[in-house]
Amino acid sequence: MALKVLTPAPKNMLQSIAELTVEKSLATHRMLSPERRFARMDRQHPTALWRNPMSHFALTIIGRDRAGIVSEVTSILYQLGCNIADSSCSILGGQFSMILIISHPELHDQQSLGEAFAPLEQSGLSVFLRTLKPGGEVHPDLQGEICMISVYGADKPGIVYRVARELGEREINITDLNTKLIGGKDAPVYVMMIEAILNPGVEIEDVESWMAGLKEELKVDISVRSITPLEL
Amino acid sequence: MAAKEVLLYPNPNLKEMCAQIEDWDASVDILLQDLVDTMVAAGHSVGVAAPQIGEIRRAVVVDVSHSKLGKKQENHGLLQMINPKIIEREGQTVVREGCMSVPDYTGNVTRAERIVVQFQDQDRQLQVIKADGFEAIAIQHEIDHLDGYLFLDRVSSLKTDLFRRK
């Protein structure tokens, strides 16, 4: 999904966002004030930007899936002048779920952004915003073989937990996890896909041996394979 | 002859359709050696295509014999290919690929499992070889570079779309 919004927003972006929301929320104007204060500060103190490196926020939006959600969300981000640094959006159940790491060069506190998303709440989406601690936006440099673990079988409690425990106890980092309940009502099948990074010295065969016991215990099928990208 | 800098996207050379090499002059030998040197210098990567070092001509080198995956299969060792062309494809496999010209990103790409490729080797001899496994994937990836395709143009699924409906 090409969501990157790197083009600087027009100078009147805050004006635009105000026009967008003014009828719905007078609180929008509170949002404008801190930004203006920052802008003035920057003029008075050239080092102000240096003192205030780009703030990053985690933005989570979820709501009943329909066409137009991404457009509504990114329109607001664009007009605010936010960058989308990293994002993942998908349908879970009937819900469209968006998780984004966003940044803004001037707005540093949650309050200054929060009200801008009010229109989304009004259209039935739930919006959560959290300020990241400095450095929280940097992807960890994970080294090691990437393995995919497929787990599937008749649905029963504890499939996710038992597999995750085997990995967690050995400090194996799960980097991606998907689960889905498939099949009919009479024979529900649980499917789980895990991507994990193996610590140095850990081989695919080791993971297979950890999973061997679980196959018996949970009566599920489990396969493990390397999906380390081919560097070409 | 020397290892060259590997160009990164958005360098426009990476999106060019490369020209067939018709006249085999000394520059072609130099190009092949530069490709080999660049491949080796890049931590012995498994392949480099001419546009990755700024030459818009149809030449690639592939050598999977030094890689962990390549060692597990029969392979042709160092292949120096001028005007390579895939003349047969068979089977389908999805692999996650990365590319030196697009750092920090990988994607799942659908490739043919087995290919037959014809090319002129470093001695100007016409060769037709069968390749499979990792070697076949590497050859397809490098030949894509000659047509201005990056693996980004071939991504067949997001890594999280395992459950996407047909």
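**Exercise 1.** Find where B:Pro10 sits in chain B, and work out what kind of peptide bond joins B:Tyr9 and B:Pro10.

*Solution.* Start with the place: in this predicted model, B:Pro10 belongs to the segment before α1 of chain B. Next, look at the bond linking B:Tyr9 to B:Pro10: omega is about 15°, and the bond is cis.

**Exercise 2.** Look at the phi angles of A:Lys219 and B:Arg124, and describe where each residue lies.

*Solution.* Keep in mind that most residues other than glycine have a negative phi. A:Lys219 has a positive phi of about 55°; this residue lies in the loop between α8 (204-218) and β8 (220-226) of chain A. With 58% relative accessibility, A:Lys219 counts as exposed. Now turn to B:Arg124, where phi is also positive, near 70°. Its loop runs between β6 (114-120) and β7 (126-132) of chain B. B:Arg124 counts as partly exposed because its relative accessibility is 43%.

**Exercise 3.** How many helices and strands does chain B have, and in what pattern?

*Solution.* Count first: there are three helices and eight strands in chain B. Then read along the sequence to get α-β-β-α-β-β-β-β-β-α-β.

Technical notes: Residues numbered from 1 in each chain as written. Chains lettered and ligands numbered in written order. Predicted model: local features only at pLDDT ≥ 70, side-chain atom pairs only at ≥ 80, totals over all residues. Heavy atoms only, no water. Helix = DSSP H or I, 4+ residues; strand = E, 2+ residues; numbered from the N terminus. Buried < 20%, exposed > 50% of the residue type's maximum accessible area, 1.4 Å probe, protein only.
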